[in-house]
Each structure stands twice: as structure tokens, then as C-alpha cells.
Amino acid sequence: MLLENKTAVIYAAAGAIGGAVARAFAREGARLFLTGRNVAKVDAVAKEIVAAGGIAETAQVDALDEKCVEEHLNTVVEKAGGVDISFNAIGPGPAPDRIPLTELAGDSFARPIAFYTSSNFNTATAAARHMSGQGSGVIVTLTAVPGRMPANLIGGAAPAWAAVEAFSRSLAPEVGPAGIRVVCLPPHAIPETPLIEENFATAGSAAGVTPAQFQAILEQGTLLKRLPTLAEVADTAAFIASDRAGAMTATVANLSAGSITD
């Protein structure tokens, strides 16, 4: 198994991507500490994992609260002896207001940037401090394709994703000598997730097409003529977090189905 004897902390584990990654990590042998602001939803994910033979504990953690993040990691280290993987699955949320940037209020533009960068800064730096003492660890951040290519009518989401990618690259050389890797995971839109379904509806309306037509436009813009699946994203996250990806750091794993060519 890829993650046998590894301890992983997952933030926003009740979301579609966080839950899928949690299940993939558990399947690959990781001991999980799942967090979120709605602990009841996180508990449901943990129960499913435990029922399948995995190991998972839950906690209510607000990733915007530095002290809360640090205290939770202290608890993880006390119980498990260390933390090997930190995965932040927190996103900026849906984009209900498809407003041109030139018409968007400044605070509306800045809100997702502040939220997303702060939550990733808190979880990644706290994990790095704990990992440094053990001489190893993997920090995985999550963004999206619009952070690397032109995107229309999504406010501050694309700049937020770009900022997290830049933060990931900046953190990697600082913690690399301590044996810690930092890899960013930016999948293209995943149609099977509720968030993307919601975003397709508003984006399609803004573009004057149906959600299905908007999805088809995105699919035709990829080399594979399809969008990534949730399982592909989760499996890639498990590989990135494993020792088999031991030479990967300060990089972005391209899960764009070919809409971006590196």
C-alpha cells in the first residue's frame, strides 16, 4: 500500500474532494485525522472509512484559526507520534455572482483570496513545523485550473488559486532541507461534485448556454475531450503523498486533462 504507516491530516474532509482523498488515503493504509467546521459531516466520512477497515478520527477545526490548527496538530502528534501528510481540501466555494472584475466591489474580490490563502498558510506552516522535527513530510495544497489560465467572471477565485500555487512554491525551498515536500494539486472542473454542478449552472447562465453545454465547452477545450474524475484526483493525491513521488516538490501536478500543457 502506498501510504502504509503514514499519518495524514485532511482539512475539509467532508467536501467532495476531501472525502474522496480521505477514502483513497485510507485504502492505501494511512491513519487519518479528519477535520472540518461541520464535525457531523466529517464524522459521516470517518464512519464509512472505519466500516471499510480503515482508521480515522475526527475533530472540529477552523483552518482560519491558527491556534486551533496548532492545537489539533499537537493532539495528532501526541496520539500518532508525528504527522506525515497534510492535505488542505478547502476551496473558495461557489461563484454565484458572475460579475465582471471592472464592476466587482473590492472587498468581494479580496474575500476569497484572503480566505483561501490564510487557511492554506495556517495549515501548511503548522504542519511544516511539526514535520521538521521528524525530517520528513508531505504538504499537499489544492487549487484549480483557472489559477493558471484565463478565466472569466469568477471574481477573486482565480487569483486566490494562483496565490496558493505561488505560496506552495515559496514554502518548498524553505522546508526542503528538512525533508519536507510541497506539491500543489490543481484539477480541472470535476462534474460529479456538487460545487461544480452549481458553478456550471451559474457559469452557463452567464454565458447564455445550459450547464450541459457549458460542460461540453470545457471538455472540448481539453486534449482528452473530457474532464477529470473524482477518483483520478484522489488517486493522484495518494501517489503525490507517497514515497513513490519522493522527488516531487515545489511543483504543480497537472490534472487538467490537457487543457494546460506543460
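Which side chain meets that of Arg31 in a salt bridge? In this predicted model, the partner is the side chain of Glu57, with a distance of 3.2 Å from N to O.

## The bridge between Arg31 and Glu57

This pair links distant parts of the chain, for Arg31 sits in strand β2 (residues 31-36) while Glu57 sits in strand β3 (residues 55-60), and the two are 26 residues apart. Arg31 has a relative accessibility of 26% and therefore counts as partly exposed, and Glu57, with a relative accessible area of 25%, is partly exposed as well.

Side chains of opposite charge can pair when their charged atoms come close. The structure holds eleven salt bridges, and there is also a network of salt bridges that links Arg27, Glu28 and Asp235.

## Arg148 and its two partners

Arg148 forms a salt bridge with Glu165, where the closest N and O atoms are 3.9 Å apart. Because Glu165 lies in helix α5 and Arg148 in the loop between β5 (137-142) and α5, this pair ties together parts of the chain that are 17 residues apart in sequence. Glu165 is buried, with a relative accessible area of 3%, whereas Arg148 is partly exposed, with a value of 30%.

Arg148 also forms a salt bridge with Asp262, and here the closest N and O atoms are 3.1 Å apart. This second pair again links distant parts of the chain, since Asp262 is found in the segment after β7 and Arg148 in the loop between β5 and α5, 114 residues apart. Asp262 is exposed, with a relative accessible area of 69%.

Helix α4 covers residues 106-134, which makes 29 residues, and its span from the first C-alpha to the last is 43 Å, close to the 42 Å expected at 1.5 Å a residue. Just after α4 comes Gly135, which takes a positive phi of about 80 degrees.

Helix α5 (residues 157-175) includes Ala166, a residue that is partly exposed, with a relative accessible area of 39%. Although Ala166 and Ala250 are 84 residues apart along the chain, their C-alpha atoms are separated by 9.2 Å.

## A buried serine in a loop

Ser242 has its place in the loop between α8 (230-241) and β7 (251-252). When its neighbours within four places in sequence are left aside, Ser242 is in contact with Leu2, Leu3 and Arg181.

Note on methods:
Residues numbered from 1 in each chain as written. Predicted model: local features only at pLDDT ≥ 70, side-chain atom pairs only at ≥ 80, totals over all residues. Heavy atoms only, no water. Helix = DSSP H or I, 4+ residues; strand = E, 2+ residues; numbered from the N terminus. Contact = heavy atoms within 4.5 Å. Expected span 1.5 Å × (residues − 1). Buried < 20%, exposed > 50% of the residue type's maximum accessible area, 1.4 Å probe, protein only. Salt bridge = Lys/Arg side-chain N within 4 Å of Asp/Glu carboxyl O.
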